[in-house]
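Biologist: Please show the sequence and the structure, so that we may go through them together.

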Amino acid sequence: MAKLLYLWYQTYKMCNKMEYMKFGNSGLKVSKFCLGTWHLPPSKERDSYGVYKVDEEESKKTIVKAIDLGVNFFDTANVYHGVMQGPDVFHVGNAERILGEAIKGYDRESLVLATKVRGKMAEHANGEGLSRKHIMWQVRESLKRLNTDYIDIYLMHRPDPDTPIEETMETFHDLVRQGKIHYIGESYFDPTDIPYLVKIAKDLHVPFIAMQEPYNFLERDIEKDKFILAKTYGLGIMAYIPLAQGVLTGKYLNTTPEMSRATYVPEISNRYFTKENFEVLREFHEIAKELGVTDTQLALAWIFKIQEINQITIVPIIGVTKINQLEENIESLNVKISNDTYKKLDEISKRVKVNWEIKYNKIIKRFE
């Protein structure tokens with residue numbers, strides 16, 4: 001009994017290290033970090049399709065450790081495999097299933113689960129999109145894979161050019177009334193469409209609270225428009241790739257480590273590996289050394305500084321392949337960036353050249 005109490009107390013102390021905050025203007029409280037499942041710990045084995053398998057045991061240990069450290073917020077999507085960058089229909093659903101198995105036995109009400117719908121889940125005519133038929137099918141499937149009765153935040157993964165947004169939002173209205181989802185959000189929608197989404201959600205009494213967008217020290221495009229939208233409408237930002245898929249950890253400064261993401265995701269080198277960026281990354285590394293922190297911790301602390309300056313909710317969605325990476329990420333909560341350091345970082349970030357441009361699709365309105 002004494003040992004059990006001791007273990008409980010140690011877990012309690014670790015959980016108390018985590019900070020929680022309101023998500024946007026909603027009453028939902030989330031940890032300052034969200035653990036993502038887009039890239040889970042990979043296995044060195046490949047399946048019959050030649051795709052790396054997920055190390056499921058290590059993935060579940062990582063999720064459990066995150067909960068022990070006080071993380072209550074988890075992000076996934078119906079299309080996620082867990083290792084593949086863009087899964088095909090033979091690999092979809094895997095990440096949701098692994099997350100669902102990992103959280104078995106935990107108090108569901110203590111966790112906040114976010115997942116997404118829109119991507120291609122089957123080859124047939126209604127196998128993808130934001131139609132009522134597809135959403136109703138996929139919400140059932142996601143609930144099964146996640147081993148839960150409801151989803152906290154259900155996000156539209158991308159716009160669907162074939163479906164009027166009113167049909168999508170009316171479907172979400174029904175799912176909210178049924179208790180299958182609590183809140184909704186968007187990912188990668190055109191900024192000019194957000195006011196209409198907010199309006200129709202308000203008219204239908206659907207709590208629209210989240211924008212999931214790419215955001216990190218190297219990619220700051222959303223500061224131009226989505227920051228303003230977040231502040232205007234009280235939306236929280238779920239910032240994915242906060243470490244630029246590992247580029248901001250410093251591990252690529254001298255070499256490409258074996259089994260690192262860049263070895264099996266060509267997009268990383270194509271997108272980030274430029275002469276200008278490596279110069280910026282070396283300066284970034286030197287600033288981290290001066291502060292006595294890792295590059296990872298500086299990159300995440302920078303996001304929290306941005307949140308403080310702009311007075312909006314930004315939750316980094318961290319993706320880790322080892323437990324020590326998770327612990328390192330969470331330690332960034334103790335890193336404070338001074339205004340002078342922020343100005344120095346802001347100046348060097350202006351020299352970044354990322355070979356990628358955000359290209360949003362517009363939503364289709366029924367009455368246009």
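Biologist: Does F23 count as buried or exposed, and at what relative accessibility?

Modeller: This is a predicted model, in which local features need pLDDT of at least 70 and side-chain atom pairs count only at pLDDT 80 or more, while totals for chains, interfaces and linings use all residues. Residues are numbered from 1 along each chain as its sequence is written, and side-chain values use heavy atoms, with hydrogens and water left out. Buried means under 20% relative accessible area, exposed over 50% and partly exposed in between (1.4 Å probe, protein chains only). F23 counts as buried, because its relative accessibility is 0%.

Biologist: What is the average pLDDT of the protein chain?

Modeller: The pLDDT is the predictor's confidence in each residue, from 0 to 100. Of the residues, 92% score at least 70, and the chain averages a pLDDT of 93.

Biologist: How are the rings of F23 and F73 arranged?

Modeller: Rings of Phe, Tyr and Trp (its six-membered ring) pair if their centres lie within 6.5 Å; planes under 30 degrees apart count as stacked, over 60 as edge-to-face and the rest as tilted. A search of the whole structure finds twelve aromatic pairs. In the pair of F23 and F73, the centres are 6.0 Å apart and the planes stand at 80 degrees, so the arrangement is edge-to-face.

Biologist: Which parts of the chain does this pair link?

Modeller: Helices (H or I, at least four residues) and strands (E, at least two) are DSSP runs, numbered from the N terminus. F73 is buried, with a relative accessible area of 0%. The pair links distant parts of the chain, 50 residues apart: F23 in the loop between β1 (20-22) and β2 (29-31), and F73 in strand β6 (residues 73-75).

Biologist: Which residues have the most contacts inside the largest nonpolar core?

Modeller: A nonpolar core is a set of buried Ala, Val, Leu, Ile, Met, Phe, Trp, Tyr and Cys residues joined through side-chain atoms within 4.5 Å. The largest core has 109 residues, and its largest share, eight residues, comes from α10. A second, separate core of eleven residues includes A77, V79, V92 and M121. In the largest core, the residues with the most contacts are F73, F74, F172 and L218.

Biologist: How far apart are the end C-alpha atoms of α5?

Modeller: The expected span of a helix is 1.5 Å times one less than its number of residues. Helix α5 (residues 165-178) has 14 residues and should therefore span 20 Å. This agrees with the model, where the end C-alpha atoms are 20 Å apart.

Biologist: Against which elements do the buried residues of α5 pack?

Modeller: The buried residues of α5 include I165, M169, F172 and V176. Leaving aside neighbours within four places in sequence, F172 is in contact with V117, I135, Y154, M156, I181, I184 and V206. The buried residues of this helix pack against β7 (112-117), α4 (132-146), β8 (151-156), β9 (181-187) and α6.

Biologist: What phi does N147 have?

Modeller: Most residues other than glycine have a negative phi, and most peptide bonds are trans. N147 lies in the loop between α4 and β8 and counts as partly exposed, at 44% relative accessibility. Although N147 is not a glycine, its phi is positive, at about 55 degrees.

Biologist: Is H205 buried or exposed?

Modeller: H205 lies in the loop between α6 (194-204) and β10 (208-214). H205 has a positive phi of about 60 degrees although it is not a glycine. Because its relative accessible area is 61%, H205 is exposed.

Methods: Contact = heavy atoms within 4.5 Å.
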